[in-house]
Amino acid sequence: MLAAVAAEKRILVIGAGAMGSAWARMLAEGRVPGVGLAGIVDIDGARALELANATGTNAFGDIATAVGATRPDAGYVATPDALHRGPVEELAALGVPVLVEKPLATTVEDAAAMVEAVRRGGVHAEVNWVQRWNPALMEAMRTVAGGELGEVRLFNGRLNHPVTSPRERLHWSGGTTPAWFLMGHLLDLALWLGRKRAVSVYAVGGRGELAGRGIETYDWVHAVVRYADGADGVFEACWILPESWPMASDLGLRVVGTRGALEVDGGRQGLAVAGERYRLPAVLQWAPQRLAAFLRAAESGGAPGASFEDGAAVTRLLVALHRSLDSGAVERVE
Ligand SMILES: NC(=O)c1ccc[n+]([C@@H]2O[C@H](COP(=O)([O-])OP(=O)(O)OC[C@H]3O[C@@H](n4cnc5c(N)ncnc54)[C@H](O)[C@@H]3O)[C@@H](O)[C@H]2O)c1
C-alpha cells in the first residue's frame with residue numbers, strides 16, 4: 001500500500017480501471033506537487049476498494065456519497081468513452097470542477113448535454129486531451145501561435161499502437177475503433193493548433209487481424225478532413241503495429257503553413273534500450289503538468305486548457321467520420 005501524501009488539493013477519481021488506476025497511483029505517489037487523492041468511485045465496489053487500498057484512500061460506490069464525505073477540489077472521470085455523461089452531469093450539479101477523459105462523448109447529444117451541464121452548474125470543466133501538454137506539441141503550439149508558419153494550410157498526422165494495445169490492454173477495444181481511441185487525439189491537436197472548423201470528412205478502414213482474434217473492430221482507419229477555410233488534414237490511426245514495434249505509441253504530426261512547416265516526432269524520447277529486443281521507452285511524462293494546469297485554471301477561473309466546446313467539436317467530427325466509414329461517402333460535420 002502507498003502512503004497517503006499530504007496535499008492541499010484533493011481529486012476524486014471516478015472509474016478505477018486502467019486510467020483511473022494510473023492517475024490514482026500518480027497522485028498517491030506524490031507526483032503532482034500539492035495534489036492528492038480524495039477517494040475512488042466505481043460502480044464495481046470490489047474494484048474501487050482494491051484501488052483505494054492500494055493508494056491509501058477511501059472507496060465509494062456513488063459520486064453523491066463520495067462528494068458529501070470528501071468535499072473534493074475536482075473530479076477526474078475515467079469511465080469508458082460512452083459512459084462519461086452521467087458522472088459529468090452529477091459532478092457539475094454538485095458544483096465540482098470536472099476533468100473528463102477523452103473523447104468527451106461518443107454521441108453529439110451527449111456532448112451537447114455535457115456542455116450544457118457544466119454551463120448550468122457553473123463549474124470549470126476540461127477534457128483530458130493530454131497530448132496538448134506533450135512538451136514537443138506545446139513548443140509546436142508556441143511556434144504556430146508566434147506566426148512562424150504563416151497561415152496553417154494542412155495537417156498530416158498518425159497515432160498508432162502495437163497490436164498488444166487492443167488485444168491485451170484495452171478490454172473494451174471490440175466496442176470502439178482506432179478512430180475513437182487514437183485518432184481523436186490527432187483531430188484535437190489539429191483543432192488546437194489550427195483553430196479551424198471541420199466541415200466534412202471522408203474515412204476508410206480495414207478489418208481482419210483483430211476480428212480474426214474475436215475483437216470486432218477496425219485494424220486501421222484513414223481519414224481526410226476538410227476545414228471551412230479550405231485547409232485539410234490527412235490522419236491515420238492503426239492498431240495492428242507488430243508486437244516488436246519499439247515504442248508503445250507511434251505519434252507523428254506535420255503542420256504546413258504558408259511560410260513554414262513543422263514536424264513532431266512523438267516516438268523517440270531520448271532513450272533507446274537494446275536488450276532482449278530494441279525498445280524506445282516513454283520517458284517524458286506530462287500527465288502531472290496537465291493536471292496541475294487544470295487545477296490552476298479551475299482555481300483562478302482562467303481559460304480551460306482543453307474546453308468542453310473543443311471536446312464537443314471533436315465528437316461531432318468523429319461521429320461524421322464513423323458515418324463515412326459506414327456509407328463510403330464524404331460526410332458533412334454537424
Ligand atoms: N488520455 C489518454 O491518453 C487516454 C488513454 C487511455 C484511455 N483513455 C480514456 O480513459 C477512459 C477510461 O478508460 P480505461 O481504459 O481506464 O477504462 P476501464 O474499462 O479500464 O475502466 C473504466 C472503469 O469505470 C467504471 N465505471 C463505469 N461506469 C461508471 C460509473 N457510472 N461510475 C463509476 N465508475 C464507472 C468501470 O467499472 C471500470 O472500472 C476512456 O474514456 C478512455 O478512452 C484516455
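# Close-up views of a two-domain predicted model

**View 1. The ligand sits between two domains.** Domain 1 (9–128) and domain 2 (131–332) each give residues to the shell around the ligand, so the ligand lies between them. Keep in mind throughout that this is a predicted model. How many residues surround the ligand? There are 26, and the closest are Gly 15, Gly 17, Ala 18, Met 19 and Glu 101. Two elements give two or more residues to this shell: helix H1 (18–28) and helix H4 (85–93). Helix H1 supplies the largest share, three residues. Sorted by class, the shell around the ligand holds 14 nonpolar residues, along with six polar and six charged ones.

View 2. The protein splits into domain 1 (9–128) and domain 2 (131–332). Taken over C-alpha atoms, the centres of the two domains are 23 Å apart. Domain 1 brings 29 residues to the contact, and domain 2 brings 28 residues. On the domain 1 side, the elements that give two or more residues are H1, helix H5 (108–121) and strand S6 (125–128). Which of them gives the largest share? That is H5, with six residues. The side of domain 1 that touches domain 2 divides into 19 nonpolar, four polar and six charged residues. Helix H1 turns up in both of these views: it gives residues to the shell around the ligand and to the side of domain 1 that touches domain 2.

**View 3. Six strands line up in an open sheet.** Reading across the sheet, the order is S3-S2-S1-S4-S5-S6, and the pairing is parallel. Which strands sit at the edges? They are strand S3 (59–60) and S6, each of which pairs on one side only. Over at the S3 end, strand S2 (residues 35–41) pairs with S3 in the parallel sense through two bridges. Val 41 is the residue that stands opposite Phe 60 in S3.

View 4. Strand S1 (residues 9–14) runs parallel to S4, and four bridges join them. Are the residues on the two faces of S4 buried or exposed? Ala 74 and Tyr 76 on one side, and Gly 75 and Val 77 on the other, are all buried, which leaves both faces of strand S4 (residues 74–77) covered. To get from S4 to S5, follow the chain through H4: S4, H4 and S5 make a right-handed β-α-β unit.

**View 5. Glu 101 links the sheet to the ligand.** Glu 101 has its place in strand S5, and it is one of the closest residues to the ligand. Why does Glu 101 count as buried? It has 21 C-beta neighbours inside 10 Å, and the cut-off for buried is 20 or more. Leaving aside neighbours within four places in sequence, Glu 101 is in contact with Met 19, Val 77, Ala 78, His 84 and Asn 128. Among those, Met 19 is also listed with the residues closest to the ligand. Pro 80 is 21 residues away from Glu 101 along the chain, yet their C-alpha atoms are separated by 8.6 Å.

View 6. Most residues other than glycine have a negative phi, and most peptide bonds are trans. The peptide bond from Lys 102 to Pro 103 is cis, with omega near -15°. Pro 103 is found in the loop between S5 and H5. Arg 71 is not a glycine, but its phi is positive, near 45°. Look for Arg 71 in the loop between helix H3 (63–70) and S4; it counts as exposed because it has 11 C-beta neighbours inside 10 Å. Arg 195 has a positive phi too, of about 45°, although it is not a glycine. Arg 195 is in the loop between helix H8 (178–194) and strand S8 (198–206). With 13 C-beta neighbours inside 10 Å, Arg 195 counts as partly exposed.

Methods:
Residues are numbered from 1 along each chain as its sequence is written. This is a predicted model: local features need pLDDT of at least 70, side-chain atom pairs count only at pLDDT 80 or more; totals for chains, interfaces and linings use all residues. A residue is near a molecule or strand if its C-beta atom, placed from the backbone, lies within 6 Å of it. Ala, Val, Leu, Ile, Met, Phe, Trp, Tyr, Cys and Pro count as nonpolar, Asp, Glu, Lys and Arg as charged, and the others, Gly among them, as polar. Domain bounds come from an automatic or database domain assignment. A residue is buried if 20 or more other C-beta atoms lie within 10 Å of its own, exposed if 12 or fewer, and partly exposed in between; C-beta atoms are placed from the backbone. Two strands pair if DSSP finds at least two bridges between them. A crossover is right-handed if, with the strands pointing away from the viewer, the path from the first strand over the helix to the second runs clockwise. Two residues are in contact if their C-beta atoms, placed from the backbone, lie within 7 Å.
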